Amino acid sequence: MTTTLDPPVPIGKAAVGALGLLALFTGALESVVSPTIPLLERELDMSQSEGALLSIVLLISGALITPLAGMFGDRYGGKRVLIRLMAVVAVGGTVSALAPNLPVLLLGQVLQGAMVGALPLSFIVVRKNLPPGESRVAIGVVSGLFVGGGIVGMLSAGPVAEELSRHWMFALPTIAVIGATLLVNRLMPSDQPGGSDDAGIDWPGLLLLSGMLVTLMLVLALAPEAASQPLVLGALVVSLAVFVAGWVSVERRAASPMIDLHMLARPAIWKACALTFVICLGTSMAAYLVPQLLDERGDGYGFSASATEIGFLLLPGAVAATLAGPLGGIGDRRFGSRAVVNTGVVMMAVSLVVLASVHTEVWHVVVGKALIALANGLCVTAMMTSTATAVDAKDTGIATSLILVSRVLGYAVGGQLGGALLTAATPSGSEVAAESAYVTGFVIAGVVTSLALFVTRTMPKGAKECPSPIS
(Lines give C-alpha, C1' and ligand atoms only; values in the text may rest on other atoms or scores of the structure.)
Protein backbone atom coordinates (compact mmCIF):
# COMPACT_ATOMS: atom_id res chain seq x y z
CA MET A 1 0.00 0.00 0.00
CA THR A 2 1.36 3.40 -0.95
CA THR A 3 1.04 6.30 1.46
CA THR A 4 0.53 9.77 0.02
CA LEU A 5 2.56 12.34 1.91
CA ASP A 6 1.49 15.93 2.35
CA PRO A 7 3.72 18.47 0.58
CA PRO A 8 6.43 19.93 2.82
CA VAL A 9 5.68 23.15 4.65
CA PRO A 10 8.13 25.88 3.57
CA ILE A 11 10.32 27.18 6.38
CA GLY A 12 11.47 30.75 6.76
CA LYS A 13 14.63 32.43 7.93
CA ALA A 14 13.38 32.49 11.52
CA ALA A 15 13.15 28.68 11.63
CA VAL A 16 16.60 28.28 10.08
CA GLY A 17 17.90 30.84 12.57
CA ALA A 18 16.44 28.83 15.44
CA LEU A 19 18.24 25.73 14.18
CA GLY A 20 21.42 27.80 13.94
CA LEU A 21 21.06 28.97 17.54
CA LEU A 22 20.52 25.40 18.67
CA ALA A 23 23.67 24.34 16.81
CA LEU A 24 25.61 27.24 18.38
CA PHE A 25 24.58 26.38 21.95
CA THR A 26 25.03 22.62 21.57
CA GLY A 27 28.49 23.23 20.12
CA ALA A 28 29.32 25.36 23.16
CA LEU A 29 28.04 22.73 25.59
CA GLU A 30 30.01 20.03 23.77
CA SER A 31 33.34 21.79 24.20
CA VAL A 32 33.40 23.08 27.78
CA VAL A 33 35.19 20.06 29.27
CA SER A 34 38.32 20.01 27.11
CA PRO A 35 39.91 23.31 28.24
CA THR A 36 39.00 22.76 31.91
CA ILE A 37 40.31 19.22 32.47
CA PRO A 38 43.10 20.43 34.84
CA LEU A 39 40.57 22.41 36.89
CA LEU A 40 38.19 19.44 37.07
CA GLU A 41 41.04 17.12 38.05
CA ARG A 42 41.85 19.38 41.00
CA GLU A 43 38.28 19.98 42.15
CA LEU A 44 37.13 16.36 41.81
CA ASP A 45 40.44 14.79 42.90
CA MET A 46 40.80 12.98 39.57
CA SER A 47 43.84 11.18 38.26
CA GLN A 48 45.19 11.97 34.79
CA SER A 49 43.77 8.70 33.45
CA GLU A 50 40.35 9.64 34.81
CA GLY A 51 40.71 13.05 33.21
CA ALA A 52 41.46 11.38 29.87
CA LEU A 53 38.33 9.23 30.24
CA LEU A 54 36.22 12.30 30.95
CA SER A 55 37.57 14.03 27.85
CA ILE A 56 36.53 11.23 25.47
CA VAL A 57 33.31 9.80 26.92
CA LEU A 58 31.14 12.42 25.17
CA LEU A 59 32.82 11.65 21.85
CA ILE A 60 32.20 7.93 22.29
CA SER A 61 28.53 8.25 23.19
CA GLY A 62 28.05 10.83 20.42
CA ALA A 63 29.57 8.52 17.82
CA LEU A 64 27.18 5.78 18.93
CA ILE A 65 24.05 7.91 19.10
CA THR A 66 24.56 9.82 15.84
CA PRO A 67 23.84 6.94 13.42
CA LEU A 68 20.76 5.97 15.42
CA ALA A 69 19.56 9.58 15.45
CA GLY A 70 19.98 9.82 11.68
CA MET A 71 18.18 6.51 11.13
CA PHE A 72 15.27 7.45 13.40
CA GLY A 73 15.08 10.90 11.85
CA ASP A 74 14.79 9.40 8.37
CA ARG A 75 12.21 6.94 9.66
CA TYR A 76 10.03 9.02 11.99
CA GLY A 77 10.68 12.64 11.00
CA GLY A 78 13.62 14.92 11.78
CA LYS A 79 11.88 17.43 14.03
CA ARG A 80 10.15 14.80 16.13
CA VAL A 81 13.39 12.99 16.93
CA LEU A 82 15.41 16.21 17.28
CA ILE A 83 13.19 17.59 20.06
CA ARG A 84 13.34 14.31 22.00
CA LEU A 85 17.09 14.08 21.55
CA MET A 86 17.60 17.60 22.87
CA ALA A 87 15.51 16.71 25.93
CA VAL A 88 18.12 14.03 26.68
CA VAL A 89 20.88 16.61 26.17
CA ALA A 90 19.16 19.00 28.58
CA VAL A 91 18.99 16.26 31.23
CA GLY A 92 22.66 15.46 30.65
CA GLY A 93 23.69 19.09 30.96
CA THR A 94 21.71 19.41 34.19
CA VAL A 95 23.33 16.28 35.63
CA SER A 96 26.79 17.58 34.69
CA ALA A 97 26.04 20.97 36.26
CA LEU A 98 24.92 19.40 39.55
CA ALA A 99 27.48 16.58 39.62
CA PRO A 100 29.21 16.25 43.03
CA ASN A 101 31.75 13.67 41.86
CA LEU A 102 33.31 12.02 38.81
CA PRO A 103 30.83 9.12 38.33
CA VAL A 104 27.88 11.50 38.17
CA LEU A 105 29.76 13.84 35.84
CA LEU A 106 30.56 10.89 33.55
CA LEU A 107 26.86 10.03 33.45
CA GLY A 108 26.03 13.59 32.48
CA GLN A 109 28.62 13.53 29.70
CA VAL A 110 27.24 10.26 28.33
CA LEU A 111 23.78 11.83 28.11
CA GLN A 112 25.19 15.03 26.61
CA GLY A 113 26.71 12.94 23.81
CA ALA A 114 23.23 12.85 22.29
CA MET A 115 23.88 16.41 21.07
CA VAL A 116 26.16 15.14 18.29
CA GLY A 117 23.08 13.61 16.63
CA ALA A 118 21.37 17.00 16.41
CA LEU A 119 23.17 18.03 13.21
CA PRO A 120 21.95 15.22 10.91
CA LEU A 121 18.45 15.72 12.27
CA SER A 122 18.66 19.43 11.45
CA PHE A 123 19.79 18.53 7.94
CA ILE A 124 16.80 16.21 7.51
CA VAL A 125 14.40 19.03 8.38
CA VAL A 126 16.19 21.53 6.13
CA ARG A 127 16.44 19.12 3.20
CA LYS A 128 12.71 18.29 3.35
CA ASN A 129 11.52 21.88 3.59
CA LEU A 130 13.85 23.90 1.34
CA PRO A 131 14.78 23.72 -2.35
CA PRO A 132 18.25 22.24 -3.08
CA GLY A 133 20.12 25.53 -3.52
CA GLU A 134 18.72 27.12 -0.37
CA SER A 135 19.20 23.91 1.63
CA ARG A 136 22.93 23.96 0.86
CA VAL A 137 23.30 27.46 2.28
CA ALA A 138 21.14 26.61 5.32
CA ILE A 139 23.18 23.48 6.06
CA GLY A 140 26.33 25.58 5.78
CA VAL A 141 24.98 28.13 8.26
CA VAL A 142 23.98 25.45 10.79
CA SER A 143 27.32 23.63 10.42
CA GLY A 144 29.30 26.84 10.79
CA LEU A 145 27.43 27.89 13.93
CA PHE A 146 28.00 24.45 15.48
CA VAL A 147 31.75 24.80 14.87
CA GLY A 148 31.71 28.38 16.11
CA GLY A 149 29.77 27.36 19.20
CA GLY A 150 32.40 24.76 19.99
CA ILE A 151 35.13 27.36 19.98
CA VAL A 152 33.01 29.81 21.98
CA GLY A 153 32.55 27.09 24.60
CA MET A 154 36.28 26.50 24.77
CA LEU A 155 36.94 30.23 25.18
CA SER A 156 34.30 30.85 27.84
CA ALA A 157 34.55 27.66 29.91
CA GLY A 158 37.69 28.63 31.81
CA PRO A 159 36.63 32.17 32.79
CA VAL A 160 33.14 30.99 33.81
CA ALA A 161 34.54 28.13 35.89
CA GLU A 162 37.11 30.40 37.58
CA GLU A 163 34.83 33.40 38.20
CA LEU A 164 31.63 31.52 39.06
CA SER A 165 32.14 27.75 39.39
CA ARG A 166 32.47 24.58 37.35
CA HIS A 167 28.73 24.05 37.86
CA TRP A 168 27.85 27.21 35.90
CA MET A 169 30.22 26.13 33.16
CA PHE A 170 27.66 23.43 32.30
CA ALA A 171 24.53 25.22 33.48
CA LEU A 172 24.71 28.33 31.27
CA PRO A 173 24.94 26.56 27.89
CA THR A 174 22.36 24.00 29.06
CA ILE A 175 19.86 26.78 29.76
CA ALA A 176 20.60 28.23 26.31
CA VAL A 177 20.07 24.81 24.68
CA ILE A 178 16.68 24.45 26.39
CA GLY A 179 15.61 27.90 25.15
CA ALA A 180 16.75 27.20 21.58
CA THR A 181 14.97 23.83 21.59
CA LEU A 182 11.70 25.48 22.59
CA LEU A 183 12.22 28.02 19.81
CA VAL A 184 12.82 25.29 17.21
CA ASN A 185 9.74 23.42 18.42
CA ARG A 186 7.64 26.55 17.94
CA LEU A 187 9.00 27.82 14.62
CA MET A 188 9.92 24.65 12.73
CA PRO A 189 7.09 22.77 10.94
CA SER A 190 6.95 19.02 11.37
CA ASP A 191 8.40 16.99 8.52
CA GLN A 192 6.84 13.81 7.20
CA PRO A 193 8.30 10.43 8.20
CA GLY A 194 10.27 8.91 5.37
CA GLY A 195 10.53 5.22 6.22
CA SER A 196 8.86 2.18 7.66
CA ASP A 197 8.23 1.66 11.37
CA ASP A 198 8.63 -2.10 10.99
CA ALA A 199 12.43 -2.20 10.95
CA GLY A 200 13.95 -2.95 14.35
CA ILE A 201 17.02 -1.57 16.07
CA ASP A 202 20.35 -3.20 15.36
CA TRP A 203 21.31 -3.87 18.99
CA PRO A 204 24.17 -6.32 18.18
CA GLY A 205 25.68 -3.75 15.82
CA LEU A 206 25.30 -1.03 18.46
CA LEU A 207 27.01 -3.12 21.15
CA LEU A 208 29.87 -4.15 18.86
CA LEU A 209 30.41 -0.56 17.70
CA SER A 210 30.43 0.54 21.37
CA GLY A 211 33.14 -1.99 22.16
CA MET A 212 35.10 -0.98 19.07
CA LEU A 213 35.09 2.74 19.92
CA VAL A 214 35.91 2.22 23.61
CA THR A 215 38.78 -0.11 22.71
CA LEU A 216 40.10 2.34 20.11
CA MET A 217 40.18 5.13 22.68
CA LEU A 218 42.01 2.90 25.17
CA VAL A 219 44.58 1.93 22.53
CA LEU A 220 45.24 5.60 21.75
CA ALA A 221 45.44 6.51 25.44
CA LEU A 222 47.95 3.75 26.22
CA ALA A 223 50.05 4.13 23.06
CA PRO A 224 52.59 6.53 24.69
CA GLU A 225 53.19 3.89 27.42
CA ALA A 226 53.60 0.99 25.00
CA ALA A 227 57.12 0.26 26.25
CA SER A 228 55.97 -0.21 29.84
CA GLN A 229 52.73 -2.10 29.08
CA PRO A 230 53.28 -4.01 25.82
CA LEU A 231 51.07 -6.97 26.72
CA VAL A 232 48.13 -4.78 27.69
CA LEU A 233 48.43 -2.71 24.53
CA GLY A 234 48.79 -5.85 22.40
CA ALA A 235 45.68 -7.38 23.96
CA LEU A 236 43.73 -4.20 23.25
CA VAL A 237 44.85 -4.14 19.61
CA VAL A 238 43.74 -7.76 19.17
CA SER A 239 40.42 -6.96 20.86
CA LEU A 240 39.95 -4.00 18.54
CA ALA A 241 40.51 -6.22 15.49
CA VAL A 242 37.96 -8.73 16.81
CA PHE A 243 35.38 -6.00 17.42
CA VAL A 244 35.90 -4.56 13.93
CA ALA A 245 35.56 -7.98 12.25
CA GLY A 246 32.49 -8.86 14.30
CA TRP A 247 30.82 -5.51 13.65
CA VAL A 248 31.37 -5.70 9.89
CA SER A 249 30.00 -9.26 9.83
CA VAL A 250 26.88 -8.32 11.81
CA GLU A 251 26.18 -5.16 9.81
CA ARG A 252 26.42 -7.00 6.51
CA ARG A 253 23.74 -9.46 7.62
CA ALA A 254 21.44 -7.15 9.60
CA ALA A 255 18.00 -6.46 8.12
CA SER A 256 18.15 -2.87 9.42
CA PRO A 257 21.83 -2.17 10.16
CA MET A 258 22.91 0.61 12.46
CA ILE A 259 25.29 1.83 9.74
CA ASP A 260 24.39 0.82 6.21
CA LEU A 261 27.65 -0.59 4.80
CA HIS A 262 26.08 -0.62 1.33
CA MET A 263 25.66 3.15 1.61
CA LEU A 264 29.17 3.47 3.02
CA ALA A 265 30.44 1.59 -0.05
CA ARG A 266 29.15 4.30 -2.38
CA PRO A 267 32.12 6.28 -3.71
CA ALA A 268 30.56 9.63 -2.79
CA ILE A 269 30.00 8.52 0.82
CA TRP A 270 33.24 6.70 1.62
CA LYS A 271 35.30 9.44 0.01
CA ALA A 272 33.50 12.07 2.08
CA CYS A 273 34.05 10.01 5.25
CA ALA A 274 37.74 9.48 4.48
CA LEU A 275 38.26 13.16 3.72
CA THR A 276 36.45 14.26 6.87
CA PHE A 277 38.48 11.89 9.06
CA VAL A 278 41.83 12.99 7.60
CA ILE A 279 41.01 16.70 7.70
CA CYS A 280 39.68 16.60 11.26
CA LEU A 281 42.69 14.55 12.40
CA GLY A 282 45.02 17.28 11.14
CA THR A 283 42.82 20.02 12.59
CA SER A 284 42.59 18.42 16.04
CA MET A 285 46.36 18.01 16.29
CA ALA A 286 46.71 21.75 15.67
CA ALA A 287 43.80 22.51 18.03
CA TYR A 288 45.64 20.66 20.79
CA LEU A 289 49.16 21.91 20.04
CA VAL A 290 48.44 25.64 19.55
CA PRO A 291 47.12 26.38 23.09
CA GLN A 292 49.96 24.29 24.53
CA LEU A 293 52.50 26.30 22.52
CA LEU A 294 50.96 29.59 23.67
CA ASP A 295 51.19 28.38 27.28
CA GLU A 296 54.69 26.90 26.87
CA ARG A 297 57.58 28.32 28.86
CA GLY A 298 60.53 26.81 26.99
CA ASP A 299 63.93 28.32 26.38
CA GLY A 300 63.46 30.43 23.25
CA TYR A 301 59.99 29.18 22.37
CA GLY A 302 56.52 29.48 23.81
CA PHE A 303 54.80 32.61 25.08
CA SER A 304 53.85 31.96 28.75
CA ALA A 305 50.30 33.13 28.03
CA SER A 306 47.62 33.00 30.73
CA ALA A 307 44.27 31.26 30.24
CA THR A 308 42.56 34.60 29.53
CA GLU A 309 45.25 35.60 27.04
CA ILE A 310 45.02 32.24 25.28
CA GLY A 311 41.26 32.66 24.94
CA PHE A 312 41.73 36.10 23.40
CA LEU A 313 44.41 34.82 21.00
CA LEU A 314 42.16 31.98 19.85
CA LEU A 315 39.25 34.35 19.12
CA PRO A 316 40.23 34.99 15.44
CA GLY A 317 40.08 31.24 14.89
CA ALA A 318 36.59 31.15 16.38
CA VAL A 319 35.44 33.89 14.02
CA ALA A 320 37.04 32.16 11.04
CA ALA A 321 35.41 28.84 11.90
CA THR A 322 32.00 30.48 12.22
CA LEU A 323 32.33 32.23 8.86
CA ALA A 324 33.55 29.04 7.19
CA GLY A 325 30.13 27.36 7.40
CA PRO A 326 28.17 29.87 5.30
CA LEU A 327 31.14 30.39 2.97
CA GLY A 328 31.48 26.66 2.48
CA GLY A 329 27.78 26.27 1.70
CA ILE A 330 27.82 29.15 -0.80
CA GLY A 331 31.06 27.92 -2.37
CA ASP A 332 29.69 24.40 -2.74
CA ARG A 333 26.59 25.79 -4.41
CA ARG A 334 28.51 27.95 -6.90
CA PHE A 335 31.72 26.01 -7.57
CA GLY A 336 31.05 22.45 -6.42
CA SER A 337 32.34 20.49 -3.45
CA ARG A 338 35.64 19.48 -5.04
CA ALA A 339 36.79 23.07 -5.55
CA VAL A 340 35.88 24.02 -1.97
CA VAL A 341 37.56 20.97 -0.44
CA ASN A 342 40.71 21.38 -2.53
CA THR A 343 40.97 25.01 -1.46
CA GLY A 344 40.51 24.09 2.19
CA VAL A 345 42.99 21.19 2.10
CA VAL A 346 45.74 23.25 0.45
CA MET A 347 45.14 26.17 2.83
CA MET A 348 45.32 23.91 5.88
CA ALA A 349 48.35 21.89 4.78
CA VAL A 350 50.35 25.02 3.90
CA SER A 351 49.37 26.73 7.18
CA LEU A 352 50.45 23.72 9.23
CA VAL A 353 53.82 23.36 7.51
CA VAL A 354 54.53 27.10 7.72
CA LEU A 355 53.54 27.10 11.40
CA ALA A 356 56.02 24.26 12.01
CA SER A 357 58.88 26.43 10.72
CA VAL A 358 57.69 29.90 11.76
CA HIS A 359 56.24 30.28 15.28
CA THR A 360 58.51 32.77 17.03
CA GLU A 361 55.91 35.56 17.23
CA VAL A 362 52.42 35.44 18.67
CA TRP A 363 50.87 36.66 15.43
CA HIS A 364 52.43 33.72 13.58
CA VAL A 365 50.46 31.31 15.76
CA VAL A 366 47.27 33.38 15.76
CA VAL A 367 47.14 33.74 11.98
CA GLY A 368 48.08 30.10 11.43
CA LYS A 369 45.36 28.87 13.79
CA ALA A 370 42.77 31.13 12.15
CA LEU A 371 43.63 29.84 8.66
CA ILE A 372 43.48 26.23 9.89
CA ALA A 373 40.06 26.82 11.46
CA LEU A 374 38.77 28.49 8.29
CA ALA A 375 40.08 25.65 6.11
CA ASN A 376 38.58 22.98 8.35
CA GLY A 377 35.19 24.69 8.31
CA LEU A 378 35.22 24.97 4.52
CA CYS A 379 36.12 21.30 4.06
CA VAL A 380 33.71 19.81 6.58
CA THR A 381 30.84 22.03 5.43
CA ALA A 382 31.43 21.09 1.80
CA MET A 383 31.51 17.40 2.73
CA MET A 384 28.32 17.75 4.75
CA THR A 385 26.38 19.71 2.14
CA SER A 386 27.46 17.55 -0.80
CA THR A 387 26.68 14.36 1.11
CA ALA A 388 23.33 15.63 2.37
CA THR A 389 22.23 16.45 -1.18
CA ALA A 390 23.86 13.47 -2.92
CA VAL A 391 21.50 10.84 -1.52
CA ASP A 392 17.76 10.33 -1.58
CA ALA A 393 15.94 12.58 0.89
CA LYS A 394 14.95 9.58 3.02
CA ASP A 395 18.65 8.73 3.53
CA THR A 396 19.84 12.23 4.49
CA GLY A 397 20.10 11.49 8.21
CA ILE A 398 22.10 8.29 8.01
CA ALA A 399 24.40 9.66 5.27
CA THR A 400 25.30 12.84 7.17
CA SER A 401 25.64 10.87 10.42
CA LEU A 402 28.43 8.88 8.78
CA ILE A 403 30.26 12.16 8.15
CA LEU A 404 29.78 13.21 11.76
CA VAL A 405 31.07 9.88 13.07
CA SER A 406 34.15 10.34 10.86
CA ARG A 407 34.54 13.85 12.29
CA VAL A 408 34.35 12.58 15.88
CA LEU A 409 36.88 9.83 15.24
CA GLY A 410 39.24 12.22 13.45
CA TYR A 411 39.19 14.68 16.34
CA ALA A 412 39.67 11.93 18.92
CA VAL A 413 42.61 10.33 17.10
CA GLY A 414 44.30 13.63 16.26
CA GLY A 415 44.03 14.97 19.79
CA GLN A 416 45.49 11.77 21.25
CA LEU A 417 48.37 11.84 18.77
CA GLY A 418 49.17 15.44 19.67
CA GLY A 419 49.14 14.59 23.35
CA ALA A 420 51.33 11.54 22.80
CA LEU A 421 53.95 13.64 20.97
CA LEU A 422 54.19 16.18 23.79
CA THR A 423 54.22 13.48 26.46
CA ALA A 424 57.06 11.63 24.76
CA ALA A 425 59.05 14.87 24.36
CA THR A 426 58.71 15.99 27.99
CA PRO A 427 61.71 14.87 30.12
CA SER A 428 60.98 13.13 33.41
CA GLY A 429 60.46 15.66 36.18
CA SER A 430 59.93 18.52 33.74
CA GLU A 431 56.75 20.28 32.62
CA VAL A 432 58.27 21.72 29.44
CA ALA A 433 58.02 19.78 26.17
CA ALA A 434 60.82 20.06 23.61
CA GLU A 435 60.22 22.47 20.76
CA SER A 436 60.88 19.64 18.32
CA ALA A 437 57.64 17.99 19.46
CA TYR A 438 55.61 20.97 18.23
CA VAL A 439 57.52 21.08 14.94
CA THR A 440 56.99 17.35 14.41
CA GLY A 441 53.31 17.60 15.31
CA PHE A 442 52.57 20.43 12.88
CA VAL A 443 54.51 18.71 10.09
CA ILE A 444 52.71 15.39 10.64
CA ALA A 445 49.35 17.18 10.66
CA GLY A 446 50.22 18.98 7.44
CA VAL A 447 51.39 15.82 5.67
CA VAL A 448 48.32 13.86 6.78
CA THR A 449 46.02 16.67 5.63
CA SER A 450 47.70 16.85 2.22
CA LEU A 451 46.91 13.16 1.66
CA ALA A 452 43.31 14.26 1.20
CA LEU A 453 44.25 15.62 -2.23
CA PHE A 454 44.64 12.05 -3.51
CA VAL A 455 40.95 11.54 -2.75
CA THR A 456 39.63 14.92 -3.87
CA ARG A 457 41.08 14.53 -7.36
CA THR A 458 38.63 11.65 -7.96
CA MET A 459 35.59 13.61 -6.75
CA PRO A 460 33.03 15.02 -9.21
CA LYS A 461 33.22 18.79 -9.64
CA GLY A 462 29.63 19.35 -8.57
CA ALA A 463 27.20 17.54 -6.33
CA LYS A 464 24.55 15.35 -7.86
CA GLU A 465 21.20 15.96 -6.31
CA CYS A 466 19.63 12.51 -6.42
CA PRO A 467 21.86 9.75 -7.74
CA SER A 468 20.34 6.37 -8.27
CA PRO A 469 20.95 4.01 -5.35
CA ILE A 470 23.78 1.53 -5.71
CA SER A 471 22.81 -1.93 -4.69
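Student: Is Gly-70 buried or exposed?
Tutor: This is a predicted model. Gly-70 is found in helix H3, residues 48-76. Residues under 20% relative accessible area count as buried. Gly-70 has 0% relative accessibility, so Gly-70 counts as buried.

Student: What distance separates the C-alpha atoms of Gly-70 and Ala-118?
Tutor: Along the chain, Gly-70 and Ala-118 are 48 residues apart.

Student: How many helices and how many strands does the protein chain have?
Tutor: Gly-70 belongs to helix H3, and Gly-211 to helix H9. For the protein chain, the count is zero strands and 18 helices.

Student: What share of the protein chain's residues count as buried?
Tutor: The chain has 471 residues. The cut-off for burial is under 20% relative accessible area. By that rule, the buried share is 54%.

Student: Among contacts between residues at least 6 apart in sequence, what share joins residues at least 24 apart?
Tutor: A contact needs heavy atoms within 4.5 Å. Take the contacts in the protein chain between residues at least 6 apart in sequence. The share joining residues at least 24 apart is 82%.

Student: How many disulfides does the rule give, then?
Tutor: The rule asks for cysteine sulfur atoms within 2.5 Å. The disulfide count comes to zero.

Student: Are Cys-273 and Cys-379 buried or exposed?
Tutor: Cys-273 has a relative accessible area of 8%. Cys-379 is at 0%. The limit for burial is under 20%, so Cys-273 is buried and Cys-379 is also buried.

Student: Which residue lies 151 residues from Gly-211 in sequence and 10.0 Å away in space?
Tutor: Gly-211 sits in helix H9, residues 203-222. Gly-211 is buried, with a relative accessible area of 14%. Counting C-alpha to C-alpha, the residue 10.0 Å from Gly-211 is Ile-60.

Student: Are H1 and H4 roughly parallel or roughly antiparallel?
Tutor: The axes of H1 (residues 13-30) and H4 (residues 78-98) come within 13 Å and cross at roughly 30 degrees. Leu-19, Leu-22, Thr-26 and Leu-29 of H1 meet Leu-82, Met-86 and Val-89 of H4. The crossing is left-handed. Angles under 35 degrees count as roughly parallel, so H1 and H4 are roughly parallel.

Student: Which way do H14 and H17 run, roughly parallel or roughly antiparallel?
Tutor: H14 (residues 337-357) and H17 (residues 435-450) pack at about 160 degrees, with axes 8 Å apart. Angles over 145 degrees fall in one class, so H14 and H17 are roughly antiparallel.

Student: Which residues make the H14 and H17 contact?
Tutor: The crossing of H14 and H17 is left-handed. H14 contributes residues including Val-345, Met-348 and Leu-352. Among those from H17 are Val-439, Phe-442 and Val-443.

Student: Which residues does Ser-96 touch, leaving out those up to four places away in sequence?
Tutor: Ser-96 is found in helix H4. At 0% relative accessibility, Ser-96 counts as buried. The residues touched are Leu-105, Gly-108, Gln-109, Gln-112 and Phe-170.

Methods
Residues are numbered from 1 along each chain as its sequence is written. This is a predicted model: local features need pLDDT of at least 70, side-chain atom pairs count only at pLDDT 80 or more; totals for chains, interfaces and linings use all residues. Side-chain values use heavy atoms; hydrogens and water are left out. Helices (H or I, at least four residues) and strands (E, at least two) are DSSP runs, numbered from the N terminus. Buried means under 20% relative accessible area, exposed over 50%, partly exposed in between (1.4 Å probe, protein chains only). Axes are lines fitted to C-alpha atoms, for helices over the stretch in contact, and angles run from 0 to 180 degrees between N-to-C directions. Angles under 35 degrees count as roughly parallel, over 145 as roughly antiparallel, 65 to 115 as roughly perpendicular and the rest as oblique. A crossing is left-handed if the near helix is turned anticlockwise from the far one by less than a right angle, and right-handed if clockwise.
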